[in-house]
Every structure is written in C-alpha cells, then in structure tokens.
Amino acid sequence: MYTERQIECSLLMSSEISLSKLSEDFGERSDPSVAKTQKTSLTISEALAITLKQALQERRLTMGVLDCGKLLSCSPNRVMVCVLPEVTSGDISMLIQHTLIRSFCWEHEIRLLTVKDERSLVELVRGCPEHKDATEQSVSCIMLEYPSDGNSEADTFVCGYHDTVMYSDMYPKPIIHLPD
C-alpha cells in the first residue's frame with residue numbers, strides 16, 4: 001500500500017520539466033523558439049547539477065568535511081541535501097568520515113545522495129569563480145542549504161527523487177552520474 005506522499009513523489013518523478021525554463025531560472029538564457037519546440041524530461045543527474053549550480057550562485061553551498069561538520073553541528077535543519085562522492089579508493093579515513101556523515105544525516109533526516117565521480121563534482125564546482133581552486137578533497141562532502149525564497153523546480157525534483165527512491169526497498173541504492 002502506497003502513502004499519499006509516495007504517490008505525489010511518483011507523480012513528480014514522472015512529470016516533465018522544461019530544461020530551458022530551469023536554465024533560465026539560474027541565469028542561462030536560451031533561444032525562445034527552441035524552448036517552445038524542445039521540451040525534454042529532466043534526469044536526476046541534470047537536476048542535481050542544476051541544483052548545485054543554483055546553490056553555488058546563491059551562496060548556500062558548504063564544502064569540505066570540516067565546514068560541513070560545523071554546519072551540521074549548529075544548524076542541521078537548514079540542510080536540504082548532502083552530496084557525497086562515492087569512495088572508490090582505499091582511503092580509510094575518507095570512508096570513516098563518510099560513515100559518520102551518513103549516520104548524522106540519517107539521524108537528523110537530512111537527504112543524502114551519492115555521486116559516482118568526484119572529478120565531475122570538482123569540475124561543476126570550479127564553474128563558479130569563487131571555487132575555481134576546488135580540489136577533490138574540498139568536495140569530499142557538500143551540503144546544500146534550503147533557499148530563502150523557496151525551492152526551485154530542480155530542488156523539488158531532487159528532493160522528490162530522494163524521497164521516492166531512497167526510501168524505497170530498492171537495494172543497492174542508486175549512485176548518480178553527474179553530466180559532463
């Protein structure tokens with residue numbers, strides 16, 4: 001039996017969102033004639049990339065284990081989503097850090113998503129002039145705070161994806177591949 005919230009999330013996941021509209025929402029302009037004829041459904045990787053770019057632009061993104069830990073200790077209710085890159089190396093300290101962050105997020109009901117490639121996360125963050133020197137270490141943990149003026153369509157899509165997929169009985173949980 002599905003709850004009303006699960007049905008709403010499923011409907012959200014199956015709906016189409018205009019990529020051109022979302023691009024315009026965070027500063028990129030597109031050709032209006034193309035926007036009318038080309039409506040594409042949004043994937044979770046595209047929505048997450050848009051959400052990350054919006055958070056960077058709006059200065060509501062915290063990077064690095066130490067800074068994210070400070071945010072979690074003082075204001076966990078401000079965190080909309082935590083993004084962790086998949087740990088593929090044998091770096092035991094990174095594995096322990098991610099385990100602690102996952103536990104804290106689970107305890108405080110913070111949405112947690114895992115991305116496949118740390119390099120694509122670095123490149124996405126480097127797109128912002130303030131973070132042009134970002135390294136793989138600095139993106140080892142990323143926290144996105146709730147926007148002050150309400151969630152964008154991409155934010156809503158990412159949160160809906162998490163609530164639908166991550167709370168399901170699907171195992172293993174999906175790892176998101178960010179677009180190049």
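This is a predicted model: local features need pLDDT of at least 70, side-chain atom pairs count only at pLDDT 80 or more; totals for chains, interfaces and linings use all residues.
Local features were required to have pLDDT of at least 70 and side-chain atom pairs pLDDT 80 or more, whereas totals for chains, interfaces and linings use all residues. Residues are numbered from 1 along each chain as its sequence is written, and side-chain values use heavy atoms, with hydrogens and water left out.

Axes are lines fitted to C-alpha atoms, for helices over the stretch in contact, and angles run from 0 to 180 degrees between N-to-C directions. Contact (heavy atoms within 4.5 Å) joins Ile 44, Ala 47, Leu 48, Ile 50, Thr 51 and Gln 54 of H4 to Ala 154, Asp 155, Phe 157, Val 158 and Tyr 161 of H8.

Helix H7 (residues 118–126) also packs against H4, the two axes coming within 10 Å and crossing at roughly 40°. This angle makes H4 oblique to H7. On the H4 side the contact is made by Ala 49, Leu 52, Lys 53 and Leu 56, and on the H7 side by Leu 121, Leu 124 and Val 125.

The largest pocket has a volume of about 450 Å³. On a 1 Å grid over the protein atoms alone, a pocket is an open set of points where a 1.4 Å probe fits, with protein on both sides within 12 Å along at least five of seven lines; lining residues have an atom within 4 Å of a point. Grid points are joined across faces, edges and corners, and the volume is the space filled by probe spheres set on the points. The lining of this largest pocket comprises 15 residues, of which Trp 106, Leu 112, His 162, Met 166 and Lys 173 lie nearest the centre. Helix H6 (92–107), strand E3 (111–115) and helix H8 (153–166) are the elements that give two or more residues to this lining.

The peptide bond from Tyr 171 to Pro 172 is cis, with omega near -5°, and Pro 172 is placed in the segment after H8. Arg 59, in the loop between H4 and strand E1 (61–63), has a positive phi near 60° although the residue is other than glycine.

Key: Helices (H or I, at least four residues) and strands (E, at least two) are DSSP runs, numbered from the N terminus. Angles under 35 degrees count as roughly parallel, over 145 as roughly antiparallel, 65 to 115 as roughly perpendicular and the rest as oblique.
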